[in-house]
Amino acid sequence: MKRAAFFVLMLFGSAFMSHAQNYYPGESGVVEGDGYVYEHEHFLGKMIDLYNSDNRFVGEEMTYDGSTKIPEGTRLYTSLSVTNDEMMALVADQFSDEQKSMLAKHKLIIELRVDPQTGRVADVIFSFTNVSIVPFTRIPIDVYRRVELALKENMIFTPTAESRRMNYFSFIWPQQF
């Protein structure tokens, strides 16, 4: 009897997982929120980049004095307004406890594109796998929007003279929940 109940639960759970809302289906597209639009691009068959349509540097390569060759050893910033733990918390705090539990074994790649003239975050790009066992596609767009706004408001870099010669610089990390 226990075995049959377990089988029914597994079957129901699998059906639920396969029918859970995917907010970013297809090859690419847009998702509209309350006054904002995000784009999602699928690449390599299993990856998604998700970003605000208003991003300044999407489609641009990072350049240094107009060249795509960044000198080796270029130091990008001297300080950051938050610690690593605070940065992780800025992101995690935007997710519900249920969402964090669902995401616990997975990593969300977050890329910030920083304006080197101001040290402010200009763009936020979220990258995640588009497979059924990785649940990032089931997170509504308003959560990603809250993350973007929290990062833009709280993360301020002190750029170096070298980085000011760039059009932008990237700061990337794997977010764990």
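Here is a walk through the sheet, one histidine in it, and the packing around them.

Before you click, note that this is a predicted model, where local features need pLDDT of at least 70, side-chain atom pairs count only at pLDDT 80 or more, and totals for chains, interfaces and linings use all residues. Residues are numbered from 1 along each chain as its sequence is written, and side-chain values use heavy atoms, with hydrogens and water left out.

**Stop 1: the sheet.** Helices (H or I, at least four residues) and strands (E, at least two) are DSSP runs, numbered from the N terminus. Two strands count as paired if DSSP finds at least two bridges between them. Color the six strands of the open sheet, in the order β1-β2-β3-β6-β5-β8; the pairing is antiparallel. β1 and β8 (169-176) sit at the edges with a single partner strand each, so one side of each has no neighbour in the sheet. On average, neighbouring strands are turned by 20° against each other, direction ignored. For such angles, axes are lines fitted to C-alpha atoms (for helices, over the stretch in contact), and values run from 0 to 180 degrees between N-to-C directions.

Helix α2 (residues 84-92) touches β5 (107-114) and β8, and its direction makes about 70° with that of β8. Helix α4 (residues 141-154) touches β1, β2, β3, β5, β6 (121-129) and β8, at about 140° to the direction of β6. Contact here means heavy atoms within 4.5 Å.

**Stop 2: strand β2.** Select residues 37-43 and show side chains.

On one side, five bridges join β2 to antiparallel β1 (residues 28-32), with Ser28 opposite Glu41. Four residues lie between these strands in their hairpin, where Gly35 takes a positive phi near 90°. Six bridges join β2 to antiparallel β3 (residues 47-52). The hairpin of β2 and β3 has three residues between the strands, and Leu44 in the turn has a positive phi of about 55°.

**Stop 3: His40.** Zoom in on His40, which counts as buried because its relative accessibility is 3%. Its bridge partner in β3 is Leu50. The His40 side chain makes a polar contact with the side chain of His42 at 3.2 Å. A polar contact is a pair of N or O atoms within 3.5 Å; within protein, one must be able to donate a hydrogen and the other to accept it, and residues adjacent in sequence count only if both atoms are side-chain atoms. Leaving aside neighbours within four places in sequence, the contacts of His40 include Tyr24, Pro25, Val30 and Ile48.

**Stop 4: the core.** Select Leu112, Tyr144, Leu151, Met155 and Trp173, the residues with the most contacts inside the largest nonpolar core, which has 37 residues. Such a core is a set of buried Ala, Val, Leu, Ile, Met, Phe, Trp, Tyr and Cys residues joined through side-chain atoms within 4.5 Å. α4 gives the largest share, six residues.

Terms used
Buried means under 20% relative accessible area, exposed over 50%, partly exposed in between (1.4 Å probe, protein chains only).
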